[in-house]
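Here is a short report on two parts of one protein model. Keep the structure in view as you read.

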Amino acid sequence: MAEIADTAIHERQAEVVFLMQDGGSGPRSTGGVTLWAGSESYMGDEARPRDDAIARDVDGEDSDDAVERRESTVGAALHGERLDKVVVGFVPEFSRNHLQQLIKGGWVEVDGTPVKSPAQRVRAGQRVAATLQPTEESRAYRPESLPLDVVHEDDDVLVVDKAAGMVVHPAAGNWSGTLLNALLARDPASAALPRAGIVHRLDKDTSGLMVVGRTLAAVTALTRAIAAREVQRRYLAIAHGAPAQAQWRIEAAIGRDPKVRTRMAIVGSGKPARTDVERIAGDGRFAALRCTLHSGRTHQIRVHLAAQGLPLVGDRVYGGAPALGMQRQALHAALLAFVHPRSGERLTFESAPPSDFAHAWSQVAASGSA
């Protein structure tokens with residue numbers, strides 16, 4: 001559930017990943033695609049990082065030591081008010097939630113004594129002092145030395161085989177340990193790129209291949225290729241149930257679930273989405289599937305299959321359950337193909353599933369075939 005963060009951001013997303021210009025903040029058109037600074041569109045559910053926050057933090061200007069202390073005397077108009085409301089009054093640039101966390105952490109004093117209850121009432125004439133600490137978000141976009149399985153690397157692109165459990169970029173509940181943090185550590189120059197060069201994403205618990213741009217030109221070219229449906233993405237999936245067909249196409253618009261806002265659903269007001277599905281094996285209880293994306297909506301494969309009574313094994317969000325040794329959703333990005341942004345050569349990469357998925361797949365394959 002925590003995967004889907006920042007609903008408003010993703011409901012505003014456009015079809016392509018919009019990019020940041022060199023020093024600019026307005027739009028520009030490139031081959032029919034309008035590029036905006038600081039915008040994005042991923043096939044996923046994590047909050048958008050701020051590009052300026054990434055660059056600033058890597059430069060070392062927003063370190064943990066860069067804190068500020070502010071003080072204020074409670075006026076007559078605030079007599080009897082909650083402490084957190086008083087602090088908001090003289091620290092307006094922070095959210096009330098963040099200031100409440102500062103209070104609970106002992107960073108706010110009343111007449112020289114730390115007070116840890118945001119709801120405590122204050123009296124006129126009392127002196128309130130707050131030692132400001134950076135928000136979790138501002139501390140998130142920094143280099144972290146993390147293991148990365150690099151499948152291909154050149155001056156323009158990086159192809160990685162993302163491990164299940166790794167979040168692509170920082171968001172609520174996952175402010176560190178992300179692919180973005182790893183990219184910043186691996187190549188400091190990536191701090192100058194939108195989202196450190198990330199142009200698409202995988203859900204936290206989905207394993208497999210991703211391509212990352214290493215220059216602004218490469219990011220732009222990859223973005224345009226994704227928008228034009230020129231990047232091929234093929235997945236392996238294991239679902240509960242027995243498909244009635246050997247091959248079929250699912251075309252159904254996907255949008256935010258109107259009843260459960262932390263989920264996606266097939267809705268008439270959603271964005272067009274197409275998934276081609278092929279049954280590789282099955283035993284009546286489980287099916288081993290090959291899925292090809294023709295669009296990149298949030299949780300697209302998971303939503304499309306669940307809507308047909310075929311929820312992914314391990315996908316508790318969409319009706320699946322742990323089975324076959326899989327505790328996470330049984331989805332792996334197995335093939336990625338795209339045209340190299342500089343050479344024009346078509347590159348194709350394949351990834352073998354991790355051990356938990358491979359073991360589950362072998363059980364289905366051994367018990368039945370298409």
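## Terms and model

Contact means that heavy atoms lie within 4.5 Å. Keep that cut-off in mind for the helix and the histidine below. This is a predicted model.

## The four-stranded sheet

Four strands make up an open sheet. Their order is E3-E6-E4-E5, and they pair in the antiparallel sense. Strand E3 (68–73) and strand E5 (113–114) are at the edges. Each has a single partner strand, so one side of each has no neighbour in the sheet.

Now look at one pair inside this sheet. Strand E4 spans residues 108–110, and strand E6 spans residues 127–132. Three bridges join E4 and E6, again antiparallel. Val110 stands opposite Val128 in E6.

## A helix across the sheet

Which strands does helix H3 lie across? Helix H3, residues 83–90, lies across E3, E4 and E6. H3 runs at about 70° to E6.

## His340 in its loop

His340 sits in a loop. Is His340 buried or exposed? The relative accessible area of His340 is 7%, so His340 is buried, as the cut-off is under 20%.

What does the side chain of His340 reach? Set aside the neighbours within four places in sequence, and His340 is in contact with Asp154, Asp156, Val157, Glu345 and Leu347.

Technical notes
Residues are numbered from 1 along each chain as its sequence is written. This is a predicted model: local features need pLDDT of at least 70, side-chain atom pairs count only at pLDDT 80 or more; totals for chains, interfaces and linings use all residues. Side-chain values use heavy atoms; hydrogens and water are left out. Two strands pair if DSSP finds at least two bridges between them. Helices (H or I, at least four residues) and strands (E, at least two) are DSSP runs, numbered from the N terminus. Axes are lines fitted to C-alpha atoms, for helices over the stretch in contact, and angles run from 0 to 180 degrees between N-to-C directions. Buried means under 20% relative accessible area, exposed over 50%, partly exposed in between (1.4 Å probe, protein chains only).
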